[in-house]
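Please look over the protein shown here before reading on. The briefing then goes through it topic by topic.

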Amino acid sequence: MEPGLTPLYRAVIKPFTSNGNTIRMRAEQSSESDVVCVIDAGETITVYAVYPSYVLAEYNGYVGYIIRTWVDENMTTLDPENTPPYGVVTSRPPRRLTERC
């Protein structure tokens, strides 16, 4: 895994996938990207980052992107004190805008 990334969640690949049995981990956030590996339904992955359509994950030493809909949302949060539950967006206070004349 890349330095500086912390594992956030453990998750399972859903049993309903495009071909029924396996999903493809990709090198980039694109269905046209190179395949890093294939993962069987029911296997466990470690999630390092969550994006709108993909998660950055590790599986058996392979690192890549998996479409979020193929990942079970009942994830185990690895550091509950510092990581929000999966699907929760933490709010940030609005930034103060300063205009100069």
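**Overall fold**

Among contacts in the protein chain (heavy atoms within 4.5 Å) between residues at least 6 apart in sequence, 55% join residues at least 24 apart. This is a predicted model, in which local features need pLDDT of at least 70, side-chain atom pairs count only at pLDDT 80 or more, and totals for chains, interfaces and linings use all residues. Residues are numbered from 1 along each chain as its sequence is written, and side-chain values use heavy atoms, with hydrogens and water left out.

- The protein chain has 0 helices and 7 strands, where helices (H or I, at least four residues) and strands (E, at least two) are DSSP runs numbered from the N terminus.
- Along the sequence, the pattern reads β-β-β-β-β-β-β.

**Surface and burial**

- The protein chain has 101 residues, of which 30% count as buried; buried means under 20% relative accessible area, exposed over 50%, and partly exposed in between, with a 1.4 Å probe and protein chains only.

**Nonpolar cores**

- In soluble globular proteins, nonpolar side chains tend to be buried together.
- A nonpolar core is a set of buried Ala, Val, Leu, Ile, Met, Phe, Trp, Tyr and Cys residues joined through side-chain atoms within 4.5 Å.
- The largest nonpolar core has 17 residues, and Ile 39, Ile 45, Ile 66 and Val 71 have the most contacts inside it.
- At least two residues of this core come from each of β1 (9-12), β2 (22-26), β3 (35-40), β4 (44-50) and β5. β5 gives the most, with 3 residues.
- A second, separate core has 5 residues, including Tyr 48, Ala 49, Tyr 54 and Tyr 65.
- Leaving aside neighbours within four places in sequence, Val 71 is in contact with Ala 11, Val 12, Ile 13, Lys 14, Ile 45, Val 55 and Ile 66.

- Of the 7 residues of β4, 5 are buried, so the strand is mostly covered by the definition of buried.
- Two strands pair if DSSP finds at least two bridges between them.
- β1 and β4 run antiparallel and are joined by 4 bridges. Tyr 9 has Val 47 in β4 as its bridge partner.
- β4 also pairs with β5 in the antiparallel sense, over 4 bridges. Here Ala 49 stands opposite Leu 56 in β5.
- β4 and β5 are joined by a hairpin through 3 residues.

**The aromatic pair**

- Rings of Phe, Tyr and Trp (its six-membered ring) pair if their centres lie within 6.5 Å; planes under 30 degrees apart count as stacked, over 60 as edge-to-face and the rest as tilted.
- The count by this rule is 1 aromatic pair. Tyr 51 and Tyr 65 form a tilted pair, 6.1 Å centre to centre with 55 degrees between the planes.
- The pair links distant parts of the chain, 14 residues apart: Tyr 51 is in the loop between β4 and β5, and Tyr 65 is in strand β6.
- Tyr 51 is partly exposed, with a relative accessible area of 29%, whereas Tyr 65 counts as buried at 17% relative accessibility.

**A residue with positive phi**

- Most residues other than glycine have a negative phi.
- Asn 60 has a phi near 50 degrees, a positive value in a residue other than glycine.
- Asn 60 is found in the loop between β5 (54-59) and β6 (62-67).
- With a relative accessible area of 62%, Asn 60 is exposed.
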